[in-house]
Amino acid sequence: MAVVEELLRSEGEGAISFGNHKLEKKAKLEDFECGGDLLKVKTYRTMTKLEKNGMFVYESVPGTSVTDFKETQDGINFNVEGDEDAQITVGLQDETEYEVFINNESIGKMSTNLGGKLNLSVELAGVGEVNVRVAK
């Protein structure tokens with residue numbers, strides 16, 4: 001998988017790709033219209049963050065490149081790449097239990113906090129691309 005050179009792009013079937021974990025300097029793209037929503041991305045090698053309509057959607061430390069990110073009523077699905085293991089936080093429904101899958105293998109059930117955030121660690125160093133799915 002390659003980094004997202006344009007920082008944020010629309011993909012087929014409502015998915016988006018965003019982030020560039022190879023950038024040395026912080027870059028951002030605001031007011032990107034997609035499906036009636038306004039998206040904002042900030043990214044570089046130490047952090048990647050996505051907001052939709054001013055609300056938190058995704059953050060990783062260190063930075064990551066994300067492809068085929070798609071939200072549904074039941075959760076999210078995306079592919080992620082980075083040079084180092086990453087701590088990823090995603091915004092979902094408040095106080096809801098989800099099952100988390102890494103490369104189609106369940107790593108267990110997790111609950112979001114009062115603000116709807118779910119935190120997970122993903123081993124990316126030397127792995128290449130990893131698929132993450134979070135589902136009710």
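How many helices and how many strands are there in the chain? The chain holds zero helices and 13 strands, where helices (H or I, at least four residues) and strands (E, at least two) are DSSP runs numbered from the N terminus. The model is predicted, so that local features need pLDDT of at least 70 and side-chain atom pairs count only at pLDDT 80 or more, while totals for chains, interfaces and linings use all residues. Residues are numbered from 1 along each chain as its sequence is written, and side-chain values use heavy atoms, with hydrogens and water left out.

Strands β3 (residues 27–34) and β4 (residues 37–44) run antiparallel and are joined by six bridges; two strands pair if DSSP finds at least two bridges between them. Cys34 has Asp37 of β4 as its bridge partner. The two strands form a hairpin with two residues between them, and Gly35 in the turn has a positive phi of about 60°. Strand β4 is also joined by six bridges to β5 (residues 47–52), again in antiparallel fashion. In this pairing Thr43 stands opposite Thr48 of β5, and a hairpin through two residues connects β4 to β5.

The radius of gyration of the chain, 14 Å, agrees with the value near 14 Å for a compact globule of 136 residues; the radius is taken over C-alpha atoms, and the globule rule is 2.2 Å times the number of residues to the power 0.38. The C-alpha atoms fill a box of roughly 35 × 35 × 25 Å along the principal axes. Of the 136 residues, 44% count as buried (under 20% relative accessible area, 1.4 Å probe, protein chains only).

Notes
Buried < 20%, exposed > 50% of the residue type's maximum accessible area, 1.4 Å probe, protein only.
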